[in-house]
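Let's take a walk through this structure.

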Amino acid sequence: QGGTYVSWYEDASAGDGYYYIVHIDSEGNVVGPDPIIQTQENYGNVSLESAGNGDAAIAWKQGQTDSEDVYSQRVGISTNSIVKKWNGGQPLLVCDALGKQTSTKVTYYSDEYVIVVWEDWRSADNLTAIGGNFIDNDGNLVFSEGNDIVFTNDQPTPLFPRVKASSDGAFVVWLSAADVHYVQKIVPSDISVWSSPVFLSTSETQQQARLSSDNNGGVYITWENGEYDEKSIALSHLNSEGTQTFSTKIISDINSEQFASLVRVDGSYGAFVVWGSGSSNYNGTSSLGLEYQYVELSGQTLANPIELFYGFGGQIEKGTTRSIQFDNSNNLIYWQDYRDGTDKPKTYGTLLNQDGTSTEYNLSDYSSKQIAPELIRVDQNTLALSFYNSGGKVFFQLLNNNLGKIGEAIPVYEGGSEQADDNRPHIMSSNYNSDGEFFIGYTERGDYGKIYLQKYSANGSALWDENKEVASETGDNSINKLY
């Protein structure tokens, strides 16, 4: 609807320790900030996602150590105020079973439901379980206590659940004590659709699973297979019945570490998998390449993985590799790149095509450091890349549909000639298919912790007379996410 929610934690040592949220509409009008988690108890594992219909859903754990419960809330906007829609404005208790409930995750399921999953320790035998529940628009839980367990483990070990969903079903993945992943499907009528969780069997230990619904009732899962510098990248697909469509594939198995795999489906029920390849070192950068593979629903892949990049010393900043959908046929992978030296990080991207071809682009000619890049599509003809430089100053670069630079990088100003600075600016599209506008949010550096937002047109012009302050200097605020 052209607006955005911004949320953050206010440091208890300098402020009240609450969790805040604001809404900014397409005209730049700010509503809030209002505390969304307002308690003197310990809380954490906060997860915030879209709930559809212009609302947001949030879930978290709260309570004394080893006896935490799961709470949730839905927020929206009404008559220029933030409205907490569930449970009369009080936190909605999702689960208060015995023991602790942790590792909460919430995600959008449909315009009727969101789904919350968590790690559950209610068992009298101190065994871990995966809990889950759907919440409808009115704040009603679908499953009653006792019927909200997806799976009970046979050992007291952390499971670290993750969840991805589409209207065809939600998919939960977790890691067993034997370091092997399991997957289960959940729908509002059945907490465990498949008769038993699907065991993603390989001969090696597993970690870091990522999922992508195939929009046909099934799911792709990729993970790191093996340990240390002997890791490979594995991929599996489960259809709507929980049957493996093809045997687990090791899509990259070379004599160096393979890590940080991501999977994204395309419009033909196939999927792209991208990962880093090479041995890591202590300082967060890695001597690595960036590779990808395309897999069809049948399991057919390209003859060999495609190397997207192997740069200066092979160094790419770990954790900066991201992807966006470029058009209906191509995905764009981009990253913070050290080919010009570790003191001069740049931003590079590669377009991935289904036929196995790829094209690499330098996304900005800005001469100083380009740190923490984030890329969005602004409209049908324009993209925008945000980053900060060595002095912490925030910039963005506009690009055309050929990924050519439109002018030079544009500084973000706080007002007048004072340039904004932040060590992690965030950017998001406003209303992709129509107005071609976008937001940039940043946290003021230093001792103040103010959070600001500015809205821009597709040509890079600021649309608001002044940046909107969405969090005051009270507390040590840090911007978390724009969506």
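Two strands count as paired if DSSP finds at least two bridges between them. Strands themselves are DSSP runs of E, at least two residues long, numbered from the N terminus. Keep in mind that this is a predicted model, where local features need pLDDT of at least 70, side-chain atom pairs count only at pLDDT 80 or more, and totals for chains, interfaces and linings use all residues. Residues are numbered from 1 along each chain as its sequence is written, and side-chain values use heavy atoms, with hydrogens and water left out.

Now for the sheet. Four strands line up in the order β13-β14-β15-β16, with antiparallel pairing, and the sheet is open.

β13 and β14 make a hairpin with two residues between them. Five bridges hold β13 to β14 (residues 169–175), and alanine 165 sits opposite alanine 170 in β14. Over at β16, the antiparallel partner is β15 (residues 181–186), joined by two bridges. There, tyrosine 182 faces phenylalanine 199 in β16.

Is asparagine 133 buried or exposed? With a relative accessible area of 1%, asparagine 133 is buried (under 20%, using a 1.4 Å probe and protein chains only). Its side chain reaches the backbone nitrogen of valine 142 at 3.3 Å. Asparagine 133 also has contacts (heavy atoms within 4.5 Å) with residues including Val94, Trp118, Phe143 and Asp148, leaving aside residues up to four places away in sequence.

Note on methods
Buried < 20%, exposed > 50% of the residue type's maximum accessible area, 1.4 Å probe, protein only. Polar contact = N/O pair within 3.5 Å; in protein donor to acceptor, adjacent residues only side chain to side chain.
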